[in-house]
Amino acid sequence: MVEPVKKEPAEDTELRDGKNAASDAPCASEAAAPAEKSPEDIAREEQQRAQMVQQLTTVDGWMERLHDPALGGVGLAFLKAAGSVLKREDIDFQMKPSAGYHSFIYPPKPGQDSFSNYVLYGAEALENAERLMGARTHEFVHALQYQTAAALHADPFNAATNIMVSPYDYLLRKERLEQDAYVKGAWLCALAAADAPDIVKVMESSPLPVSTFQNIRAQSADLTDAFEKAARDCRNLLGVWTKDAEKTVIADEWHARAIDEYERMMKYRHDNLQAGEALTFVRMDGADILEIGASFGPNTFGADAHNKSLTEIENLSPAHAQKIAEIEKKYGITPRDNLPTLSEAFAAAGTTRADFIAHSKAYKGAAASAEKNTPANDTAPAQQQNTGPRPGAPAP
Ligand SMILES: [Zn+2]
């Protein structure tokens, strides 16, 4: 889902040293004029920001002390890993989902990073520190996934490349990155329960409640086994995800979001192709999925890159399968089974995974990109992985 990203003056958003270097990059609804805010609005926002800083201090304390019975002091390592890569962590007063990780903005304006790489919290995440802990662990896992998983940069939202995953793989990818984020988030929040017992109750409506993860772990041979079981469990949560829709598994909702994003972006990518330029579509293999699961701690998806189930969507609805076929037809995309893998595309392009990711992270909008088919300022597509239901959807 695209949420408008409001630009805040740099000094107001400088919550963490050095994290705000890219905040001069304009985001979608830059035109939301601060001048229109009433003194009451400004006072309320200041109060909420102060509240967030206070809650983050509490959450930092919980995170630093997380100790896993099998792995030891994982909390500090997690905090350091995410803290060393994120560009920014802030509040978005207009945001409906409780939190979101922003990966790319398309197209980047001249000099703007394509890879935005920041976390925003909506007011809902600030209800209490436990809720913020839940949102933060989940979004930090997304941030870590994007540091090392090449397939997450082979993205239609990423102006740095013309190599992108197929529509099917975009849905598959969304499912795996949400599974990984919910599993690792529930694991870390379960470890916080000693310090913050209320977190169990607060996370009860999550696709993977802390209590569910605790039960799964208690019945598993080891943490790796628990992660694999929990990943299957969270995908199959039943609920009503959009207004008046039938009850369905949450994976269906992830697929619906992914199709929305993919379809919207394909139009821009297609319209912006220069003469002689082409988009290269690829499929993911097992190794690509394992890179996502390697975000932090044991791999959520095991260790077998040849496990066929890694690259198959177990419960793709007929409606979504139909939609994928329509997108393929509309844009002349080869059916997925006949596409090269990401690794094969890298070989053909004479690049490596590491170089591809490095180029993507460093890419900035060129002067010419402003002349491309740029959506209106208030609708510029920014990709983010949200926590919580879509705006207007009933809570799970
Ligand atoms: Zn997520």
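Predicted model: local features only at pLDDT ≥ 70, side-chain atom pairs only at ≥ 80, totals over all residues.

User: What makes β2 and β3 count as paired strands?

Analyst: Pairing asks for at least two bridges. Strand β2 (residues 99-105) and β3 are joined by five bridges, so they pair, and they run antiparallel.

User: Why is strand β3 called largely enclosed?

Analyst: Strand β3 covers residues 115-121, and seven of its seven residues are buried, so the rest of the structure largely encloses it. You can check this face by face: Phe115, Asn117, Val119 and Tyr121 are buried on one side, while Ser116, Tyr118 and Leu120 are buried on the other. As background, side chains in a regular strand alternate between the two faces of the sheet.

User: Which peptide bond is cis, and where is its proline?

Analyst: The bond joining Tyr106 and Pro107 is cis, with omega at about -15°. Pro107 lies in the loop between β2 and β3.

User: Why are α5 and α11 called oblique?

Analyst: A helix pair is described by the angle between the axes and the distance between them. Helix α5 (residues 167-192) and helix α11 (residues 318-331) pack at about 135°, with axes 9 Å apart. Roughly perpendicular ends at 115 degrees and roughly antiparallel begins over 145. An angle of about 135° falls between those limits, so α5 and α11 are oblique to each other.

User: Which residues make that contact, and what are their classes?

Analyst: From α5 come Pro167, Tyr168 and Leu171, which meet His320, Ile324, Ile327 and Glu328 of α11. By class, the contact of α5 with α11 has five nonpolar residues, one polar and one charged.

User: What makes Ile333 and Thr341 partly exposed rather than buried?

Analyst: Both sit in the loop between α11 and α12. Ile333 has 19 C-beta neighbours inside 10 Å, so it is partly exposed. Thr341 has 18, so it gets that label as well.

User: What do Ile333 and Thr341 lie against?

Analyst: Leaving aside neighbours within four places in sequence, Ile333 is in contact with Ser166, Pro167, Phe281, Ile327 and Glu328. The C-alpha atoms of Ile333 and Ser166 are 7.7 Å apart, although 167 residues separate them along the chain. On the same terms, Thr341 is in contact with Val282, Arg283 and Asp285. Thr341 is also 9.0 Å from Val165, C-alpha to C-alpha, across 176 residues of sequence.

User: Which residues have the most contacts inside the largest nonpolar core, and which element gives the largest share?

Analyst: That core has 96 residues, and those with the most contacts inside it are Tyr121, Leu132, Val183, Ala186, Cys189 and Ala230. Helix α5 gives the largest share, 15 residues. In general, nonpolar side chains of soluble globular proteins tend to be buried together. Take Leu132: beyond residues up to four places away in sequence, Leu132 touches Gln55, Leu56, Val59, Tyr121, Ala125 and Leu126.

User: What are the overall figures for the protein?

Analyst: The secondary structure comes to 13 helices and eight strands. Of the 396 residues, 46% count as buried. Among contacts between residues at least 6 apart in sequence, 77% join residues at least 24 apart.

Notes
Residues numbered from 1 in each chain as written. Axes fitted to C-alpha atoms, helices over the stretch in contact; angles between N-to-C directions. Helix = DSSP H or I, 4+ residues; strand = E, 2+ residues; numbered from the N terminus. Parallel < 35°, antiparallel > 145°, perpendicular 65-115°, else oblique. Contact = placed C-beta atoms within 7 Å. Nonpolar A, V, L, I, M, F, W, Y, C, P; charged D, E, K, R; others polar. Core = buried A, V, L, I, M, F, W, Y, C linked by C-beta atoms within 7 Å. Buried ≥ 20, exposed ≤ 12 C-beta atoms within 10 Å, placed from the backbone.
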